[in-house]
Amino acid sequence: MMKTEKKVQEPIFHVVKKDGVVLWRAWLIRAAAIVLALLVCALLILVMTDQTPVEVFESIFEGAIGVRGVNVMALFQSAAMLLCISLAVTPAFKMKFWNIGAEGQVLMGGLAAAACMICLRGVVPNGVLILLIFVTGVLAGMLWGVIPALFKAQWGTNETLFTLMMNYAAMQIVSFFVVKWENPKNSGKIGIINQRGEFKQAGWLPELFDVDYLLNILIVLAVMILAWVYLKYSKQGFEITVVGESENTARYVGINVKKVIIRTMAISGAICGLAGVLLVAGTHHTIAANTAGGNGFTAVMVSWLAKFNPFVMAGVSFFIAFLEKGAGGLATNTGLNASFADIIIGILLFFIIGCEFFLNYRIVVNKQRFSGRLKQKGGE
Amino acid sequence: MAFLSFILRFLPRAVTQGIPLLYGCTGEILTEKSGNLNLGIPGIMYVGGISGIIGGFFYETYAAEMNPVLTILIPFVCSLLGSGLMALIYSFLTITLRANQNVAGLALTIFGEGVGNFFGGSLVKLVNNGSAEIKLNKTNVAFRQVLPFAKDWGWFGELFLNYGFLAYLAILVAVAVALVLKRTKTGLNLRAVGENPATADAAGINVTRYKYVATCVGGMIAGLGGLYYVMDYQMGTWANDGALGARGWLAIALVIFALWKPHVGIIGSVLFGGLYILYNYVGVARNIEPLFNMLPYVVTIVVLIITSIRKKRENQPPASLGLAYFREER
Amino acid sequence: MKGIPAIELRNVTKKFGSVVANKNVNLSVMRGEILSILGENGSGKTTLMNMISGIYYPDEGQIFIDGEEVVIRSPKDAFRYKIGMIHQHFKLVDLFTAAENVVLGLEEKEKYSVKSAAQKVAELCERYGFEIDPNKKIYEMSVSEKQTVEILKVLYRGADILILDEPTAVLTPQETQKLFAVLRKMREEGHSIVIITHKLHEVMSLSDRVSVLRKGEYIDTVVTAETTEEELTEMMVGQKVVLNIERSEPKDRRERLMVKDLNCTNTDGVKMLNHVSFTAYSGEILGIAGIAGSGQRELLEAIAGLQSLESGEILYHNPKTDEVVELRDKNTKQIHDLGVRLSFIPEDRLGMGLVANMGIVDNILLRRYQKGKGMFVQRAKPREIAEQIVEDLNVVTPDLKTPVRRLSGGNVQKVLLGRELSFTPTVLMAAYPVRGLDINSSYTIYNVLNEQKEKGVAVIFVGEDLDVLIDLCDRIMVINSGTITGMVDARSATKEQIGLLMTKTDGGAEA
């Protein structure tokens, strides 16, 4: 009657959910994943190049911090920018609002900064100009973040797809202004704004103590500490956590969920806008559709991999910036293409993303059942 | 008459613009119907394109005599393998290891773009003829071979027959996927997996297998979009300019616009393609061009908003989209 | 009856993390037999059946079909052994039609088409006397229609071992009778039927034998004809239960909460509250009885400010100021700001009352985070309260930071109740506060409710066990499909009387 084979086939293992994992073990698993990923990358590098491992190592270091560390500030700057955007998306993620529109929010902030630099130079004193740059930049980023939030709060419009689309709308708007403010004509780019002449360095963020990017870095560090305090100790931060955990509970304790969604996205967008200001007024002094450089997407991963902890995010950002620059340096030294860095980052991310499985699940080998059955068979 | 000549100039260009989007859209619909939101589509299209280029490049460079069938087949198979492998990475991470889909997808895009530009750049260096791009002269001709009567059939030929075979394949695939989803048991099962995996599982459907197959086949289809873009649209050239990535995201937009229906995607792809190049035909100044390029995204946002307001059950994203499935969840 | 059971379990054990859901369970079902699995909430009935139907995989133990050991790795394996399960939470795709749901996942020889599937389902309906439109979408269906589709699904697959998980929980008495008739007919045809329930009268009227589980452990199997409800209860709860709650006469009974003519409709357009009016007094326990889903949840949530209403009034009489305030259309925070000390223990403890991933302190903080000036939360006071609750109510927890989802059901409820009582409420609403709790925890809860009543609190208690309602409450209000069908004195009411009010279908008078 039964067509199935008579022999009992046991699955060799099955997967069960873990109750939670001790903190040190969690980080041990993640560290193991990173080491494994680096091994794979090392293997790839050895296959691709004819350098010895020591030379490879040197190339990476040199790429990351420059010859005798001349580029070390640039490395910190890259890490700071990535960190800033990661901090920006974190409140939204904690609320389970998938803001993958950071790229666009950064661009809008940067665009506002560039607009101030171009249109208001000479109109207002430089101090006021810089203040205006910050205010408009933050507001522009906020606006770009709030639009999807309004629709999410009101009609539950899918925020992942909405914010994604807003990125490309922002890019095209930036492209539009690039053509409008093109300099020189028909070059297809803006060039360094206020580089020389009457308005030399108007709207540029000042250089503290003659150290490149120091102001940017300090601002981002301040944002990091504020974000940590805000998320962990403030009433609003607590509301964000509750909404993220359970909207029902939030309603039960009288939290206005719609308000929290909109407010949180305003904050998220505002910090992105700030990042845009730092990129345009504090770093590049120009703007293009690729000014955010994909950091808006990388930040999604940084925030998520750091489990929303701002200090861990700083570490992860630095690590990724280091690898990106280091792999770039390796590529130049060995005649490989600069995109090699993306491949390395990609492999690393795959491993770190994959290792989360071992934090949440356990593989159970069905030994007990197996031996139990044997025993029974033996008894027959 | 002026209108007809406008259509004759405009529509074929819109179609060639739209074909990569259509591939990406069909592939992503298939993927999303299994509950996987694959944001790695741009990366997959990169890899689909570069794998085809690599295959074509080596065949064209090292084959003594080029067999017309192999000229097509080698890049085609290489493209499928490359994009299939990419989709497999994504599937393993999200289905077997139950990783967050957004994060895994974005990582895949970074990786894919890196792979594309790395090998693209390396090939340019290998050729070393001073140009910043490589060009596969013979392969591209094979891919761009139009239907034989295209020239003889007047406006009809120009409008409908004047494309390379990949364009027709795109439409065939879209129609086939639409039919499979709507008319077959496999399609029914797949939709159930995307809507409610626990129910599908209880009904005896192998959720894991359906997710894997849909995601991998979807990825391969999307990869063909990359192949069409480099072989046909770009005439067998590769340039590290990020244009393929933009098309990948546009393809994801198209999925929303098409309300997860591949046959609507056919019309939508021509519309999106048309919107993308409209500025060339309506005589606007160059400075407004980007605003026209923004149209597809704006239209998508509007569609997204309208469907969320109308809340028609049939037009919503698959209910389990973005969520990992674990049978023993409590 | 034949000697070899259709299905037999030996020493089956299943753990979820550290929680043992089933421990060394033995069970057997014959052909042509209806077996009831009886047990309290949380006794592991559903987990056990999920292992037979391939949803879960057992950690230890063996399963035999017709005397042969088998391994059921997936629902597909279960179908192969002709096992079909009708889940309590229906496993249907809302977007599909009835027919599409029925044929879902089947590998049939003939070519699939929507039309032929509908045709075959229609034929099946005719054979068993079901009335259902095969082309109707699930999201347009009523609960009993959905259940019919579930049954059609297993019948269509030719299942001869049927498992039904609490099938009557959502049905009207008429629908229940219809279902039982179908099940009896299947038994005559030689099917084996396993029905999970905690309703004793159903066990007695339907099944041939009863297997009892308690806290995941297998207790015994008895022949229905040779046992009594009392004996089964004893097996189920472990000790002879005499509900012995000391009920005092209400003192200083005054109007506290006046609810007038509430109406509300849910998102599917179903009327959930229909002209509901009643008054709750201080110093008494007002019980609310009714079949699950009759509007109890909506009523309590409306009072707590979580449910929007079409019309009606909710008035609160403040004992301190002697003022009467309107609570309608105010959210929890606004109600609190009015000085109304209203506490609400919702049915969904971890999904609404508490945040599962937070520790006890943060869960206490949940209702107090806005206290204090400035933009920062203050955890000192909540920590104090948390320590107090742990001590007073004997909450078993490793520490105050452990996420409450890791605590047992009883301890979770104690945390929730303790928090709500820390406000010294004047109105206390509790929805199914003992659901899923063991007897000892249940008694702690009953005692707490009684104490509150004696302190002069107006207690509103939604319960499912009529014996408890009758022993604990002062008055019992009966709700039936959103309409109040009666208000009875608990001291004189009988179960039969309340049961009738719960199930009668003609409109019903208002209380």
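In this predicted model, C:N318 sits in the loop that links strand 14 (311–317) to strand 15 (324–326) of chain C. Helices (H or I, at least four residues) and strands (E, at least two) are DSSP runs, numbered from the N terminus. C:N318 counts as buried because its relative accessibility is 11%. Buried means under 20% relative accessible area, exposed over 50%, and partly exposed in between (1.4 Å probe, protein chains only). The side chain of C:N318 comes to 3.0 Å from the backbone nitrogen of C:K320. Leaving out residues up to four places away in sequence, C:N318 touches C:E323 and C:G339. Contact here means heavy atoms within 4.5 Å.

Residues are numbered from 1 along each chain as its sequence is written, chains are lettered from A and ligands numbered from 1 in the order in which they are written, and side-chain values use heavy atoms, with hydrogens and water left out. As the model is a prediction, local features need pLDDT of at least 70 and side-chain atom pairs count only at pLDDT 80 or more, while totals for chains, interfaces and linings use all residues.

Salt bridges were assigned next. The criterion is a side-chain nitrogen of Lys or Arg within 4 Å of a carboxyl oxygen of Asp or Glu. Side chains of opposite charge can pair when their charged atoms come close. Over all chains, the rule gives 29 salt bridges. One of them joins C:D66 and C:R31, with an N to O distance of 3.0 Å. C:D66 lies in the loop between strand 4 (60–65) and strand 5 (68–70) of chain C, and C:R31 in the loop between strand 2 (19–29) and strand 3 (34–38), so the pair ties together parts 35 residues apart in sequence. C:D66 is partly exposed, with a relative accessible area of 27%. C:R31 is buried, with a relative accessible area of 18%.

A salt bridge also links C:R73 and C:D77, at 3.8 Å from N to O. C:R73 is partly exposed at 33% relative accessibility. C:D77 is buried at 9%. In another salt bridge, C:D208 meets C:R187 at 2.9 Å, N to O. C:D208 belongs to the loop between helix 7 (200–206) and strand 9 (209–214) of chain C, and C:R187 to helix 6 (residues 173–188) of chain C, so this pair ties together parts 21 residues apart in sequence. C:D208 counts as partly exposed, at 24% relative accessibility. Shared partners join the salt bridges of C:E249, C:K453, C:D474 and C:R491 into one network.

On the side of chain B that touches chain A, the elements giving two or more residues are helix 3 (68–96), helix 4 (101–127), helix 11 (243–257) and helix 13 (289–310) of chain B. Helix 4 of chain B gives the largest share of that side, 16 residues. By class, that side has 32 nonpolar, 12 polar and 6 charged residues. Ala, Val, Leu, Ile, Met, Phe, Trp, Tyr, Cys and Pro count as nonpolar, Asp, Glu, Lys and Arg as charged, and the others, Gly among them, as polar. The contact takes 50 residues from chain B and 46 residues from chain A. About 4,400 Å² is buried between these chains, and carbon and sulfur atoms give 78% of that area. Buried area is the accessible area (1.4 Å probe) that two parts lose on being put together, summed over both.

Chain A has 14 helices and 2 strands. Of its 380 residues, 54% count as buried. In chain B, 10 of the 11 residues of helix 8 (residues 185–195) are buried, so this helix is largely enclosed by the rest of the structure. Its cover includes helix 1 (2–33), helix 7 (165–183), helix 9 (197–202) and helix 10 (207–233) of chain B, together with helix 3 (98–103) of chain C.

The largest nonpolar core holds 233 residues, of which A:L164, C:L183 and C:M186 touch the most other members. Such a core is a set of buried Ala, Val, Leu, Ile, Met, Phe, Trp, Tyr and Cys residues joined through side-chain atoms within 4.5 Å.

Conventions: A polar contact is a pair of N or O atoms within 3.5 Å; within protein, one must be able to donate a hydrogen and the other to accept it, and residues adjacent in sequence count only if both atoms are side-chain atoms.
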